[in-house]
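Work through the exercises below with the model open in your viewer. Try each task before reading its solution.

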Amino acid sequence: MRRLSNVESVLPVKHYRPLIDGSVNLVHATEAWAQSGSPANAGRNLMIANIDTGIDVKNPCFSDTGFAPPTLGRRSDSPADLALTNNKVIVARAFGSDPTARYSAADSQGHGTFTAAIEACDYNTPTPIGTHMSGMAPAAYLMNYNVFVDNGGTTTDSDILAGVEAALLDGADVANISLGGPAGDPSLDFESQELDLASKAGLTLVVAAGNDGPSSQTVSSPGVAASAIAVGATTNSRGIFSSAAITGADGIPSELAHMRANQGHAFTTTVGPAQMVQVGLGRLPQDDTTDLTANDFVGKDLHGKIALIKRGTITFEKKINNAAAAGAIGALIYDNVPEVSLIHMATGTATLPSMSISQADGQALVSFLQSHPAAEVNFDPTLSAADETPNLLSDFSSRGYGANYSIKPDLVAPGEDIYSATEAQDPTGPEFDPSGFASLSGTSFSSPHVAGAAALVLQKHPKWTPEQVKAALVEHGNPSVVIDPQTKAAPSVTQMGGGLLDANAALSATGYATPTSLTFGEINVAGGSAKQNATLTLNDAGGGSGSWTVAVQPFGPASNGFSLTAPSTVTVAASGHIDLALALSVSAPAANNDFTGYIVLTHGSEILRVPYIAHVVNGPVQSNTVLLVDATTSRYVPDAPFPAPVHKDVTKYYTDALKAIGQPYTYWDEATLGAPSYADMKHSSAVIYFTGSNLGAFSGNNSEAFQGPLTGLDTSALHAYVNAGGHVFVTGEGAPLSDEVWTLVVMGAEAAGLSTYDNSTNDKSSVGGISPPQPSAVPDTRFGVRSNPYVFGGMKAIDFSTKGDGAATNLAVKSTPLADMFGVNGLKPFFGSAAPAGNAYGAAALRTTNLATAEGGADVAVVSSDEPSLSHKAKFTGRTVLFSFGFEGINDNTGYATRAQVLQRIFQWFGDKPTATVASTHYAARRPVQLKATLHAGAGIHAVAYAWQIDSVKLKPSTRLTSYSFPRAGTYKVRVQITDSLGHMAVSAFKTMKIG
């Protein structure tokens with residue numbers, strides 16, 4: 001496609017996944033409604049854009065009784081979509097990948113209906129369980145932008161941005177975006193950048209933080225956008241549950257006579273009573289990559305019975321479908337860990353009636369069945385409410401940091417066990433419920449609480465900017481959130497930002513401060529104590545004039561070596577503002593810690609809390625040494641009971657090779673210091689990043705997250721370093737997928753296949769762990785592939801199989817979220833314009849030795865450098881090398897190229913800066929002469945190709961000095977392009993030659 005004349009570039013497309021009746025009380029919405037005059041007036045005439053899966057306008061939450069038509073009328077992109085509007089849902093548009101297609105704004109998934117109802121369900125709407133629910137801004141208009149019309153439950157950044165742009169043009173005041181994808185280099189995160197532009201245009205943007213917790217640095221894009229309000233999740237005060245009950249036996253314990261249960265795929269009729277059959281983890285052969293022969297159904301009759309299954313190892317979808325295939329009429333799955341809230345199962349394609357119960361109930365049930373094997377169970381889908389512990393930080397809620405160690409999420413709100421509206425039109429939808437209501441969990445359902453609150457703030461302050469709305473919401477957050485219900489410990493600001501949403505406090509604001517949070521970034525005290533100054537501006541919002549007290553409230557105990565000071569009092573003039581000077585001082589004893597807390601400003605009963613963070617390290621980096629960055633420890637925390645990823649120390653493979661080639665180095669351990677900054681890198685001679693066995697969240701134990709081992713902190717610093725002319729070598733299986741746009745633009749490569757070696761050709765059983773061949777890689781000399789066959793040319797082949805003294809790190813694992821083998825990526829080089837990201841200069845360097853088994857990409861190494869030519873003047877001086885295999889896996893003892901030899905060649909390539917001159921030789925006209933030129937390069941480097949230009953004529957390239965006949969006597973301008981034996985190119989200046 002890139003070769004087409006009308007295609008400027010082809011970029012990777014990021015895919016994003018869609019991430020109330022009791023929760024409004026937890027965030028004090030009912031008190032906030034009083035400030036609007038009445039609940040039925042809360043949010044009146046405000047317009048909330050819901051950029052999601054659509055809205056089921058037939059749901060009773062969206063009755064337009066009492067709503068006047070909007071000033072601009074109802075809007076849509078087709079007559080069919082106009083029929084999906086009323087005087088409550090005033091816009092219906094749909095966005096998909098095919099610009100010629102006509103898409104529907106109807107909600108076939110339920111997610112968008114659910115979020116829209118949290119934002120603005122009509123006041124006091126009756127629900128099927130006998131309660132009444134109201135959205136956060138029940139009188140607000142809703143605007144439906146369906147961006148999930150294709151791609152199997154995912155959307156793309158282009159569709160999302162089209163929805164945001166349409167919302168702006170339609171006049172939205174607030175937009176809720178309950179979706180997200182992996183966040184990477186902020187300079188290449190165009191969706192976040194577009195959100196920042198939309199914010200400047202006046203649109204308040206609220207975004208789900210993501211469901212990839214409790215791992216750190218998992219806040220998704222576009223929630224990482226500086227202007228967006230990224231929202232994490234907390235527990236609700238009650239849950240809505242179905243029930244399962246044991247019958248047909250004597251002495252049934254009371255806890256088993258009525259077990260709280262969550263349905264899988266929604267069903268409406270009673271299942272059972274039926275006998276239960278225990279089937280362990282519900283596995284069939286090949287399901288469990290750690291035990292491929294496991295069969296939990298062998299010898300068991302499930303026809304007409306209900307399968308009792310333990311959570312773990314394989315997905316809920318597979319467990320339930322396995323039970324259905326065995327003839328079961330239902331599946332009862334019990335948790336494998338103690339839970340604060342009952343889990344909601346992601347059942348995917350599974351439609352067999354299924355329920356989840358707690359670990360305690362499951363264990364009691366297993367024990368009871370030992371003495372009562374004939375006991376039966378009954379599934380009752382009827383929903384009822386039960387109290388739960390509120391304001392606990394949800395395990396799944398994504399944690400910070402944001403870019404440059406900034407504070408994300410900005411705020412938290414209820415997102416667990418939320419009861420809201422859903423679609424009731426498409427029975428195949430993942431959140432379909434025939435009642436039109438369901439109970440779900442996720443940060444997707446936290447952010448619409450904040451979006452509705454933002455509408456309430458704008459109703460009171462219609463001229464406020466998005467920055468002011470964000471400040472009022474974040475700085476009036478309630479810090480009484482708990483992360484551990486046993487110890488009552490509080491989350492840090494990188495986990496909850498300003499705290500739990502308090503809509504009433506935000507509406508009652510008499511003042512606010514900007515910026516909304518303070519980040520001091522990384523502070524490296526290796527060179528001595530450091531000082532920073534910052535300014536916080538306190539503004540009167542009406543009634544906030546006068547004296548304010550100021551205090552610094554650190555999170556956790558005070559630390560020797562860290563000091564943040566502020567004036568004790570300030571005075572704000574009416575309708576005015578005042579700048580507070582903050583002074584930060586850090587010395588060595590404070591090193592290798594995050595210092596967080598709040599700047600607390602108090603004015604009578606008004607309390608503002610501005611979160612702050614400083615990431616302090618003691619990481620000396622000696623100038624002109626190689627910065628060796630150990631990124632082998634994973635921030636990914638797998639679901640219990642899976643163990644944490646195994647850390648295998650492979651540092652010695654790198655330090656030994658560096659010593660062998662005489663390259664001094666500085667070791668940087670990310671497990672202790674976090675990601676290095678550009679300031680740490682900029683004095684280095686080169687940077688090496690190695691990820692070892694760290695696959696990030698691509699671990700086989702993970703069922704949701706997609707973050708790779710390198711974070712946005714890593715990729716943004718490396719990007720800045722390469723842009724400044726730095727030399728970077730990145731190696732490891734997971735590295736190429738950490739940020740696909742960064743990999744493309746900075747490293748010049750595309751990840752074209754999840755595993756080059758473990759694929760359907762040579763891993764027919766899909767077990768993973770297939771050793772790369774021996775040898776494993778050779779220079780790529782294939783015709784038609786943009787390659788640099790010289791950089792590793794003349795070397796022996798490279799062996800990174802499991803058959804030598806290497807670390808044996810290049811074996812694939814089954815990745816649950818990707819449903820595929822994840823190992824040594826197949827790569828493709830990218831060269832040319834990648835607008836608007838920049839230009840890429842990739843060239844293939846190494847390919848697998850067995851092309852027949854390389855699915856999706858044969859290359860395993862790509863180099864990138866901007867080379868001059870007769871038609872191109874090189875301007876970009878950065879150079880990069882990317883290995884999609886672990887360098888530490890190279891074997892020194894199997895007769896192939898050693899680690900030191902490979903590393904030596906990389907550094908030769910980094911340092912090779914050839915020049916060329918045209919020889920001063922007298923030539924005669926009209927007779928063949930040999931054009932002569934000289935290559936100036938390092939020892940052992942020679943010319944391998946020449947290309948000449950004589951006046952405006954460019955001669956055909958040659959691997960030898962070119963023979964040419966000057967057509968006439970006279971003066972000619974001559975220059976030469978020489979490719980050297982490492983693949984670098986040099987172009988001489990024009991030389992004026994007189995031909996006799």
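This is a predicted model: local features need pLDDT of at least 70, side-chain atom pairs count only at pLDDT 80 or more; totals for chains, interfaces and linings use all residues.

Residues are numbered from 1 along each chain as its sequence is written, and side-chain values use heavy atoms, with hydrogens and water left out.

**Exercise 1. Find the disulfide and assign its handedness.**

Step 1. The criterion here is a pair of cysteine sulfur atoms within 2.5 Å.

Step 2. Search the whole structure; one disulfide turns up. Cys61 and Cys121 form it, with sulfur atoms 2.0 Å apart.

Step 3. Take the torsion about the S-S bond of Cys61 and Cys121. It is about -80°, so the disulfide is left-handed.

Step 4. Cys61 sits in the loop between strand S2 (47-52) and strand S3 (75-76), and Cys121 in the loop between helix H4 (111-120) and strand S5 (125-126). The pair links distant parts of the chain, 60 residues apart. Helices (H or I, at least four residues) and strands (E, at least two) are DSSP runs, numbered from the N terminus.

Step 5. Cys61 and Cys121 are both buried. Buried means under 20% relative accessible area, exposed over 50%, partly exposed in between (1.4 Å probe, protein chains only).

**Exercise 2. Classify the packing of H5 and H6.**

Step 1. Get the geometry. Helix H5 (residues 157-169) and helix H6 (residues 190-200) pack at about 5°, and their axes are 10 Å apart. Axes are lines fitted to C-alpha atoms, for helices over the stretch in contact; angles run from 0 to 180 degrees between N-to-C directions.

Step 2. Apply the classes. Under 35 degrees is roughly parallel, over 145 roughly antiparallel, 65 to 115 roughly perpendicular, and the rest oblique. H5 and H6 are therefore roughly parallel.

Step 3. List the contacts (heavy atoms within 4.5 Å). From H5 come Asp157, Ile160, Leu161, Val164 and Leu168; they meet Phe190, Glu191, Glu194, Leu195 and Ala198 of H6.

Step 4. Sort the residues of this contact: seven are nonpolar, none polar and three charged.

**Exercise 3. How many residues of H11 are buried?**

Step 1. H11 spans residues 466-475, and nine of its 10 residues are buried.

Step 2. Name some. Among them are Val469, Lys470, Leu473 and Glu475.

**Exercise 4. Is Thr155 buried or exposed?**

Step 1. Read the area. Thr155 has a relative accessible area of 0%, so this residue is buried.

Step 2. Locate Thr155: strand S8 (residues 155-156).

Step 3. Look at the side chain. A polar atom of the Thr155 side chain lies 2.4 Å from the backbone oxygen of Val147.

Technical notes:
A polar contact is a pair of N or O atoms within 3.5 Å; within protein, one must be able to donate a hydrogen and the other to accept it, and residues adjacent in sequence count only if both atoms are side-chain atoms. Ala, Val, Leu, Ile, Met, Phe, Trp, Tyr, Cys and Pro count as nonpolar, Asp, Glu, Lys and Arg as charged, and the others, Gly among them, as polar.
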